[in-house]
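Q: Here is a model to go through. For each label put on a residue, please set the value against the cut-off and conclude.

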Amino acid sequence: MMANFNLNDYETVEERIRRFYQDNPEARITTELVSADGDPGRTRWIVKAYVFRDSERDKPDATGYAFEVDGSGMTQKAAALETCETSAIGRALANLNYSGNKRASREEMAKVQRQQGPSKD
């Protein structure tokens, strides 16, 4: 089991995106649905994000992948694809050193926390 952690120590993807666009006003972020396999309510989503410092570039400065499964947490019951897309963007930004003081985003650590279940403390 993972050691205790505080979600407040992690930067959100929204904060990373805001900082990225402040530093790179001509930037763009795009995403691609790589895979959507499984029955409704159990779909496994894979999304790839592309981060460009300059919107005119053809080759991304960084990419990132994310994986989610419908129904694996409260957010995933209603918005697994959206959560997956946000996570992919966060990973792409982390690969471009937009990761704050931690590589994982707050959203990724919240997923870990959900998977661990309630604390025994």
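A: Asn97 is a place to start: this residue lies in the loop between H2 and helix H3 (106–116). The model is a predicted one.

Q: What makes the phi of Asn97 worth a remark?
A: Phi of Asn97 is near 70 degrees, which is positive although the residue is not glycine. Most residues other than glycine have a negative phi.

Q: What is the order of the elements in the protein?
A: From the N terminus on, the order is α-β-β-β-α-α, with 3 helices and 3 strands in the protein.

Q: How much of the protein counts as buried?
A: Of its 121 residues, 36% count as buried.

Q: What class does Glu68 fall into, and why?
A: Glu68 is in strand E3 and has a relative accessible area of 3%. Because buried means under 20%, Glu68 is buried.

Q: Why is Ala79 given its class?
A: Ala79, in helix H2, has a relative accessible area of 19%. That value is under 20%, so Ala79 is buried. Ala79 and Glu68 are 11 residues apart along the chain, and 9.8 Å separates their C-alpha atoms.

Q: Which residues touch the most other members of the largest nonpolar core?
A: They are Phe20, Val51, Leu93 and Leu96, in a core of 17 residues. Helix H1 (13–23), E2, E3 and helix H2 (74–95) each give two or more residues to this core. The largest share, 6 residues, comes from H2. In soluble globular proteins, nonpolar side chains tend to be buried together.

Q: How do you know that Arg18 and Glu14 form a salt bridge?
A: Their closest N and O atoms are 2.9 Å apart. The rule asks for a side-chain nitrogen of Lys or Arg within 4 Å of a carboxyl oxygen of Asp or Glu, so the pair qualifies. Both residues lie in helix H1, 4 residues apart, about one turn of the helix.

Q: Why do Arg18 and Glu14 get their accessibility classes?
A: Glu14 has a relative accessible area of 53%, which is over 50%, so Glu14 is exposed. Arg18 has 43% relative accessibility, between the limits of 20% and 50%, and therefore counts as partly exposed.

Q: What makes Arg53 and Asp61 a salt bridge?
A: The N to O distance between their side chains is 4.0 Å. The cut-off is within 4 Å, so the pair is counted.

Q: How do you know that Asp61 also pairs with Arg57?
A: The closest N and O atoms of Asp61 and Arg57 are 3.4 Å apart, and the cut-off is within 4 Å, so this is a salt bridge. Shared partners join Arg53, Arg57 and Asp61 into one network. By this rule the protein has 3 salt bridges.

Q: Which class do Arg53, Arg57 and Asp61 fall into, and why?
A: The relative accessible area is 39% for Arg53, 36% for Arg57 and 23% for Asp61.

Q: What makes Asp58 exposed or buried?
A: Asp58 has a relative accessible area of 77%; exposed means over 50%, so Asp58 is exposed. Asp58 is found in the loop between strand E2 (44–52) and strand E3 (62–69).

Q: Why is the patch that includes Asp58 called negative?
A: The patch is formed by Glu26, Asp54, Glu56 and Asp58. Asp and Glu count as negative, so the patch is a negative one.

Technical notes. Residues are numbered from 1 along each chain as its sequence is written. This is a predicted model: local features need pLDDT of at least 70, side-chain atom pairs count only at pLDDT 80 or more; totals for chains, interfaces and linings use all residues. Side-chain values use heavy atoms; hydrogens and water are left out. Patches are made of residues with over 30% relative accessible area and no salt bridge: like charges are joined within 9 Å, nonpolar side chains (Val, Leu, Ile, Met, Phe, Trp, Tyr) within 5 Å. Accessible areas come from the Shrake-Rupley method with a 1.4 Å probe; for residues, only the protein chains shown count as cover. The place of a charge is taken as NZ of Lys, CZ of Arg, CG of Asp or CD of Glu. Buried means under 20% relative accessible area, exposed over 50%, partly exposed in between (1.4 Å probe, protein chains only). A nonpolar core is a set of buried Ala, Val, Leu, Ile, Met, Phe, Trp, Tyr and Cys residues joined through side-chain atoms within 4.5 Å.
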